[in-house]
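Colleague: I'm new to reading models like this one. Could you walk me through a few features?

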Amino acid sequence: MSIEQLKAEHDVETHWLHFPLHPKTPPEGIPMKELYKGRDPESTAAAGEHLKNAMAEAGLPYNRRTRLDNSRIAQELGAWADTQVGDATFHDAMFKAYFVDDRSISNKDTLVEIAESVGLDGQEARTVLDERSFSENVTRDWDRAWSDGVTGVPTFTSRDLFVFGCQPYEVLLRFYNHLVKLQAQDATSDNTS
């Protein structure tokens, strides 16, 4: 994945901003056959092929999913994981569970298993989910995403600049280099003031 290459080659730090891609999805999710019911089969197949190709181009594994899940509680657990050691591995495991293994990320037991699989405390994860203790964190992220005009994932942002969508390494490198240049300009301005 291009962001991983950028992080490996440069001093880049990332932070997750949770985003409501399909916020009206019911907690139990929607079977794909229901979601696409009544749609043109050719355009549905083309959309699926487009997603598969985008994932392949980004170097991400992908498998056919059987349902669209409501990711709200998964995002809340992700916000908690961001406060723990091993947070990046949690997000990777969540991605794999949903997009490769077709597991339900709106199911608390599944989420606890994913947390435990990367060494996070399962009982603490269960408490976070039961008490919804990171709900406000996710709501703040959603509000920020909406106010910033984020419309899809992934979105890379810094200094009110945005790169939308899954981008090749060269695009992210140009974004990074531009940010470095802006930072250098700021440092020069501060020194001459």
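Modeller: D130 forms a salt bridge with K108, with 3.1 Å between the closest N and O atoms. The term means a side-chain nitrogen of Lys or Arg within 4 Å of a carboxyl oxygen of Asp or Glu. D130 lies in helix α7 and K108 in helix α6, so the pair ties together parts 22 residues apart in sequence. Helices here are DSSP runs (H or I, at least four residues), strands too (E, at least two), numbered from the N terminus.

Colleague: What kind of model is this, and how are residues numbered?

Modeller: It's a predicted model: local features need pLDDT of at least 70, side-chain atom pairs count only at pLDDT 80 or more, and totals for chains, interfaces and linings use all residues. Residues are numbered from 1 along each chain as its sequence is written, and side-chain values use heavy atoms, leaving out hydrogens and water.

Colleague: Is E76 buried or exposed?

Modeller: Buried means under 20% relative accessible area, exposed over 50%, partly exposed in between (1.4 Å probe, protein chains only). E76 is buried, at 1%, while R132 is partly exposed at 38%. Their side chains meet in a salt bridge (2.7 Å, N to O).

Colleague: Which residues does W142 touch?

Modeller: Contact means heavy atoms within 4.5 Å. Leaving aside neighbours within four places in sequence, W142 is in contact with H18, F19, P20, P23, R72 and Q75. W142 sits in helix α8 and counts as buried, at 12% relative accessibility.
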